[in-house]
Amino acid sequence: MESNQIVLGYELNHQFAQISYLTQDREQPETYAFRQEGERFNVPLLLCKRKEVNQWYYGDEAKQCYDAGEGTLVTEILQKALDGESIIITEGTEVYEYEAEKLLIMFIKKSFGKMGFFLGNYQIKALMITVEKLDKRILKVLEAVADSLQLDRERIFFQNYMESIYHYLIFQPRELRSYQVGVFDFGGEILKSYRVEMNYKTKPVVTLIHPQVHEEIERILQSPAESPVYYELLDQKLTSCLKEFVGDEIMSSIYLLGEGFTGDWYRESLNFICRGRKVFGGNNLYSKGAAYAARERISEHKESASCVYLGEDKLKYNVGLYMLNGLDEEYVPILDAGTGWFEAKAELDFMLLEGREIPLIITPMMGSGKKVVQIEVEGFELRKRGTVRLHMSVWMESEKTLMIRIRDDGFGDFFQPEEEIWEKAIELGENS
């Protein structure tokens, strides 16, 4: 990166947003403090419409406006955007209706606006938005967010929390990840954990992350001071959970994330996990991991070049076909394993030399078992060799569903294109 360039990692969840950044002169990300007192990194996902005027506040200011009786508080913005809902605000005889998705976009723009004086000195080269889980619903919302920002769409990317963990860890000292790593997230009501395994016997180093939900470890509204007995029992449950998690494995480090780990109520648990391993606390690992990942999108570093992450959102197959180049047949890659399935797409023009079948080569990233899937293009008149010119679009509809769309482009003035479009779905499974 150049001295006037910056990359951003933006964490978005149902409770708050957070932004970390990397500049050319920094090896490690910094997290932007929206409130300097106490280094408040999190912006509560709240909006408040001021009464009788079209003026909106966000984050802590929204809560202050509402507490002062000056406006209507809007909560659960992300969930309502995912559900495609509208938000109704009633002021006397006036009723206002707002699309939750547009209010979410407003919130995100306002959070960037707060950083305006800081970002004004830099050119944003990449933005990585990280969320707990990527699925079709949240991808649709994130695409709308990306389209609304004053930033080239090609510079905006998405990844889930597990990939942010991966990108954070590979830039930490080797001794913190030589063996397994545990990440515990108590930001919500229920404790969640991620077990990180890096196989240094392979080149590149293959990384796997195993998520788990611990429903027995649950937060309550009361603080430890208000409910000391509950938290004493919770500490015992957490200790048992940690012992089961560690088992006989060697853990290089453990990270404790989220507001649930605020205070010292879990002393017994800490006493156990601090034996023979490094333990870290905080709440900005995801946004920092996203900032590292954003930087990798514009310039790959040696740490990421030597590792590969096989996550649930990653395409686990190479897809290609063989084509003639002169007299020689050569393999042409179409989709690469390791790409996020929602980013895996390609366009290809080629000549069909004979017959109606196109042999698609599907090769799993792990193990063996290359498979040839014949795509039969039906319904058009067979033409002379070298006059069937086709255009193929390839994309992933979901983690395991590969879509193929083919159209006939005709052949100059000699043959007009066929009107029919051929489309086929291929399920990529254990036998693909």
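The legends below describe an overall view and several close-up views of a predicted model.

**Figure 1. Overall view of the chain.** The predicted chain has 10 helices and 25 strands. Its C-alpha trace spans about 85 × 65 × 45 Å along the principal axes. The chain comprises 432 residues, of which 48% count as buried. Of the contacts between residues at least 6 apart in sequence, 63% join residues at least 24 apart.

**Figure 2. The open sheet S20-S23-S24-S25.** Four strands, in the order S20-S23-S24-S25, make up an open sheet with antiparallel pairing. Strand S20 (345–351) and strand S25 (421–427) are the edge strands, each pairing on one side only. From one strand to the next, the twist averages 20°. Strands of a sheet pair through backbone hydrogen bonds, in either a parallel or an antiparallel arrangement. Between S20 and strand S23 (residues 389–396), the antiparallel pairing runs over seven bridges. Within this part of the sheet, Ala346 is positioned opposite Val394 of S23.

**Figure 3. Helix H3 and its buried residues.** Helix H3 covers residues 100–114. At 1.5 Å a residue, its 15 residues should span 21 Å, and this agrees with the 21 Å between its end C-alpha atoms. The buried residues of H3 are Ala100, Glu101, Leu103, Leu104, Ile105, Phe107, Ile108, Ser111 and Phe112. An α-helix has 3.6 residues a turn, so residues three or four places apart point the same way.

Figure 4. Side chains of opposite charge can pair when their charged atoms come close. Lys49 and Glu91 form a salt bridge through their side chains, at 3.0 Å from N to O. Lys49 belongs to strand S5 (residues 47–50) and Glu91 to strand S8 (residues 86–91), so this pair ties together parts that are 42 residues apart in sequence. Lys49 and Glu91 are both buried. A salt bridge also joins the side chains of Glu70 and Arg50, at 3.3 Å from N to O. Glu70 lies in the loop between helix H1 (59–67) and strand S7 (71–74), whereas Arg50 lies in strand S5, so the pair ties together parts that are 20 residues apart in sequence. Glu70 counts as partly exposed because its relative accessibility is 34%. Arg50, at 27% relative accessibility, also counts as partly exposed.

**Figure 5. The salt bridge between Asp152 and Arg155.** The side chains of Asp152 and Arg155 meet in a salt bridge with an N to O distance of 3.9 Å. That distance falls within the 4 Å cut-off for a salt bridge. Asp152 counts as partly exposed, with 44% relative accessibility.

**Figure 6. The crossing of helices H6 and H9.** The axes of helix H6 (residues 161–170) and helix H9 (residues 285–298) come within 7 Å and cross at roughly 75°. H6 is therefore roughly perpendicular to H9. On the H6 side, the contact is made by Tyr161, Ser164, Ile165, His167 and Tyr168. The H9 side contributes Leu285, Tyr286, Lys288, Gly289, Ala290, Tyr292, Ala293 and Glu296.

**Figure 7. Surroundings of His167.** His167 is located in helix H6. Its relative accessibility is 9%, so His167 counts as buried. Leaving out residues up to four places away in sequence, His167 touches Gln159, Gly289, Tyr292, Ala293 and Glu296. Among the H9 residues in the helix contact are Gly289, Tyr292, Ala293 and Glu296.

Definitions and conventions:
Residues are numbered from 1 along each chain as its sequence is written. This is a predicted model: local features need pLDDT of at least 70, side-chain atom pairs count only at pLDDT 80 or more; totals for chains, interfaces and linings use all residues. Side-chain values use heavy atoms; hydrogens and water are left out. Two strands pair if DSSP finds at least two bridges between them. Helices (H or I, at least four residues) and strands (E, at least two) are DSSP runs, numbered from the N terminus. Axes are lines fitted to C-alpha atoms, for helices over the stretch in contact, and angles run from 0 to 180 degrees between N-to-C directions. The expected span of a helix is 1.5 Å times one less than its number of residues. Buried means under 20% relative accessible area, exposed over 50%, partly exposed in between (1.4 Å probe, protein chains only). Angles under 35 degrees count as roughly parallel, over 145 as roughly antiparallel, 65 to 115 as roughly perpendicular and the rest as oblique. Contact means heavy atoms within 4.5 Å.
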